[in-house]
Amino acid sequence: MRILAIADVEERCLWDFYSEERFGDVDLILSAGDLCADYLEFLVTVTNKPLLYVRGNHDDAYAKHAPGGCICVEDSVYVWNGLRIAGLGGSMRYRDGLNMYTEREMARRVLRLEPKVRLAGGVDILLAHAPARGVGDLEDLPHRGFECFNGALGRWRPDLMVHGHVHKGYDPSFKRERVLSGGCRVVNACGYALIDVDEKRYPDRGWRGAWLNAQTIRREHASLAASRPVLFDEAYW
């Protein structure tokens, strides 16, 4: 199974010069945030593959124009082909914004996600925008990682964490991939990264996966309906 992980930078090789020969074997797209909605819509259309996303700190515009044809997995566990994917977008709060959180606020989000993780029987991929503290983050507040992610990684023991937020040009010691002591691969998807996983390790999750997915879709539909402007005739009737 091949995953295309993307974040932060709309790559010309994917948008302007997309090649089926180069990316045609992708099975799933994971967006770790800070990308134009039109870019995500283009990719989900041209690849005809599912695209799951979380929001970055610069994705406030999604509140009015969410990427069509894509699935938001914020504060959810979504199951695709046996892969249990938990989503926690946003960055450390350094100014006002819809997708920024203090350490305490993010820790509360992690705790609220725990019941879904238990129902799923665990997590295989943590999809976030910000990194975990001390794992590819920087010392300045805007690019500091969340300490609570380290706790989540220790408890959930996913095989993979995908994040963005820290661009290649921000740090001369930038590393695309790290491996934690527990074996979790941590991939910074800035631009794009291709990740191969062994699909045989991820069995069907049965009714639990179906229920979790239905909850994710229902939640997103409710969010979109709440943000949609009311037309005059709708208000009248």
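Me: What does the accessible surface of the chain come to, and how much of it belongs to carbon and sulfur atoms?
Reply: In this predicted model the accessible surface of the chain comes to about 11,600 Å², of which 52% belongs to carbon and sulfur atoms; areas are from the Shrake-Rupley method with a 1.4 Å probe, and for residues only the protein chains shown count as cover.

Me: What should I know about the numbering and the cut-offs?
Reply: Residues are numbered from 1 along each chain as its sequence is written, and side-chain values use heavy atoms, with hydrogens and water left out. Because the model is predicted, local features need pLDDT of at least 70 and side-chain atom pairs count only at pLDDT 80 or more, while totals for chains, interfaces and linings use all residues.

Me: How many helices and strands are there in the chain?
Reply: The chain has 7 helices and 13 strands, these being DSSP runs numbered from the N terminus (helices H or I, at least four residues; strands E, at least two). The radius of gyration is 17 Å, close to the 18 Å that the globule rule gives for 237 residues, so the chain is as compact as a globular protein of that length; the radius is taken over C-alpha atoms, and the rule is 2.2 Å times the number of residues to the power 0.38.

Me: And what percentage of the residues is buried?
Reply: Buried residues make up 50% of the 237 in the chain, where buried means under 20% relative accessible area, exposed over 50%, and partly exposed in between (1.4 Å probe, protein chains only).

Me: Switching to α3, which of its residues are buried?
Reply: In α3, which covers residues 37–47, the buried ones are A37, Y39, L40, L43, V44 and T47. Seen down the axis of α3, these buried residues fall within an arc of 165 degrees, so they line one face of the helix; the arc is that of the directions from the helix axis to the C-beta atoms.

Me: What do they pack against?
Reply: The buried residues of α3 pack against β1 (2–7), α1 (12–15), β2 (28–31) and β3 (51–53), with contact meaning heavy atoms within 4.5 Å.

Me: Is D34 buried or exposed?
Reply: D34 counts as buried, at 10% relative accessibility. N81, in the loop between β5 (77–80) and β6 (83–88), also has a positive phi, near 50 degrees, but N81 counts as exposed at 52% relative accessibility.

Me: What is L83 in contact with?
Reply: L83 is found in strand β6 and is buried, with a relative accessible area of 1%. Leaving aside neighbours within four places in sequence, L83 is in contact with M1, I3, L28, Y78, D124, I125 and Y202. The C-alpha atoms of L83 and E199 are 8.3 Å apart in space, although these residues are 116 apart in sequence.

Me: Where does G89 lie, and what does it touch?
Reply: G89 lies in the loop between β6 and β7 (91–92) and counts as buried at 2% relative accessibility. Not counting residues up to four places away in sequence, G89 touches V54, R55, E74, Y101, M106, R109 and H129; the C-alpha atoms of G89 and M106 are separated by 9.4 Å.
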